[in-house]
Amino acid sequence: MDIKELHERILYPVVRIRTKKAGGSGTIIYSAPNPEDKEEYQTFIMTCHHVIADAISYKKEFHPVLKRDIKQEFLEKVDVELFDYVYLSKVNSSNSYKADIVAYDTSHDIAILMLQTPKRCSYVAKLIPNGKIKDVKLFMPTWTSGCSLLHDPFANPGYVTYLTDIIDNKLYWMGNGASIFGNSGGAVFLAETGEQIGITARISVIPIGFGADIITWMGWFVAPQRFYEFFDEQELKFLYDPADTYTKAIERRKKKAKEALLGKVQEDEDEEVKDPYYQ
């Protein structure tokens, strides 16, 4: 890719995310017209669950279906900053939007946010197609792009260094593109094609005395196979399948949520009942 393509595929889709207590990165993975209003766009951000975890809480309230007080899930809006650039590289301005948490999974450490704006986002990260994941090999050059220490987005070069790490029973890939706090939720891209192959999620920390040594070049990212597992589990196929729509996804998610709720048998008064298909 030339310099212009690098900016458009690897830098421009990256956003900064803030909650009341935390912050991190994310990437725009979808921005398309609303099927019900072609003049409005629907835009979705992919990030890590742990970046937005403090925006998720539970309260005990009366549930109209179960006819009892139960702990229910409440999701706060989060802030997402998009960046406008001039002369390719110079940040001209940043614009903050509220976003809803559409879906998340703690074990996958993935979350999807929906921007509360009808505006079109011109630059969208291209996810590596599911069928091409097997072609990714060690030593392939990469760019790790995110908001390190909550700085404006920038990218660091590196290589794919490991493909088979299992952490908390989930597949992670490793890269040596420098990454640190704030990069979480950002992206790892293939340098040759600009395709996103991971979500920056973990770094290596070695305790030393009363402090710790952070190994910035030994970072793990959510493997791309898990993007598609998550999208399918959460009924979000429209994020990779042009034949699907968000409107259809909402209906499927509502149906599954209702089925899950009605089939839930609570024996413990304090058991949490979560709606896994929140919308």
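Which residue in β11 does Thr144 stand opposite? The first legend has the reply. This is a predicted model, where local features need pLDDT of at least 70 and side-chain atom pairs count only at pLDDT 80 or more, while totals for chains, interfaces and linings use all residues. Residues are numbered from 1 along each chain as its sequence is written, and side-chain values use heavy atoms, with hydrogens and water left out.

**View 1. Strands β10 and β11 run antiparallel.** Here β10 covers residues 141-146 and β11 covers residues 154-167, with six bridges joining them. Thr144 stands opposite Asn156 in β11. Strands are DSSP runs (E, at least two residues), numbered from the N terminus, and two strands pair if DSSP finds at least two bridges between them.

**View 2. A hairpin links β11 and β12.** Follow β11 onward to meet its antiparallel partner β12 (residues 170-175), joined to β11 by five bridges. Ile167 has Lys170 of β12 as its bridge partner. Two residues lie between the strands, and Asp168 takes a positive phi near 50°.

**View 3. The second largest pocket has a volume of about 310 Å³.** A pocket is an open set of points on a 1 Å grid over the protein atoms alone where a 1.4 Å probe fits, with protein on both sides within 12 Å along at least five of seven lines; lining residues have an atom within 4 Å of a point. Grid points are joined across faces, edges and corners, and the volume is the space filled by probe spheres set on the points.

**View 4. Sixteen residues line this second largest pocket.** Look for Leu82, Phe83, Asp84, Cys121 and Ser122, which lie nearest its centre. Strand β6 (78-86) gives the largest share of the lining, four residues.
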